[in-house]
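Please read the following report alongside the sequence and the coordinates.

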Amino acid sequence: MTTEVKTLGDALPREMARVRDELIPLYTSIGPVGAFALTMMRQDLDRAARAMVSGDLVEMIAVYESLKGYKA
């Protein structure tokens, strides 16, 4: 049994990539109906990038949880 240790430093960029590469194109393809969700996703991606650059661990955790909430 192999268990992968997942650190926030690994998980947050993965979650950012999932939202950016998988969900944003999907929501873009549905047109204006997806506009609100796209706005929220882009804001959270910006928050995540700022938190990572500044080293704000509390904000990184919060935005990670927010990004995990986006579903296809």
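Arg20 counts as partly exposed, because its relative accessibility is 44%. In this model, which is predicted, the side chain of Arg20 meets that of Asp21 in a salt bridge, with 3.1 Å from N to O. Asp21 also counts as partly exposed, at 48% relative accessibility.

## Overall architecture

The protein is built from three helices and has zero strands, so that reading along the sequence gives the pattern α-α-α. The C-alpha trace spans about 40 × 35 × 15 Å along its principal axes, and 29% of the 72 residues count as buried. Among contacts between residues at least 6 apart in sequence, 57% join residues at least 24 apart.

## The nonpolar core

The largest nonpolar core has 18 residues, and those touching the most other members are Leu12, Val19, Met41 and Leu67. Helices H1, H2 (35–54) and H3 (57–68) each supply at least two residues of this core, with H1 giving the most, namely seven residues.

When residues up to four places away in sequence are not counted, Met41 touches Val19, Leu23, Ile24, Tyr27 and Tyr70.

Glu15 lies in helix H1, which covers residues 8–29, and counts as buried because its relative accessibility is 11%, where the cut-off for buried is under 20%. Leaving aside neighbours within four places in sequence, Glu15 is in contact with Tyr64, Leu67 and Lys68.

The structure holds five salt bridges, one of which joins the side chains of Asp44 and Arg47 at 3.0 Å from N to O. Because Asp44 and Arg47 are three residues apart in helix H2, about one helical turn separates them. Asp44 counts as buried at 5% relative accessibility, whereas Arg47, at 24%, counts as partly exposed.

Another salt bridge links the side chains of Lys68 and Glu65, at 3.4 Å from N to O; both residues lie in helix H3, three residues apart, or about one turn of the helix. Lys68 is partly exposed, with a relative accessible area of 32%, and Glu65 counts as partly exposed at 44% relative accessibility.

Terms used
Residues numbered from 1 in each chain as written. Predicted model: local features only at pLDDT ≥ 70, side-chain atom pairs only at ≥ 80, totals over all residues. Heavy atoms only, no water. Helix = DSSP H or I, 4+ residues; strand = E, 2+ residues; numbered from the N terminus. Buried < 20%, exposed > 50% of the residue type's maximum accessible area, 1.4 Å probe, protein only. Contact = heavy atoms within 4.5 Å. Core = buried A, V, L, I, M, F, W, Y, C linked by side-chain atoms within 4.5 Å. Salt bridge = Lys/Arg side-chain N within 4 Å of Asp/Glu carboxyl O.
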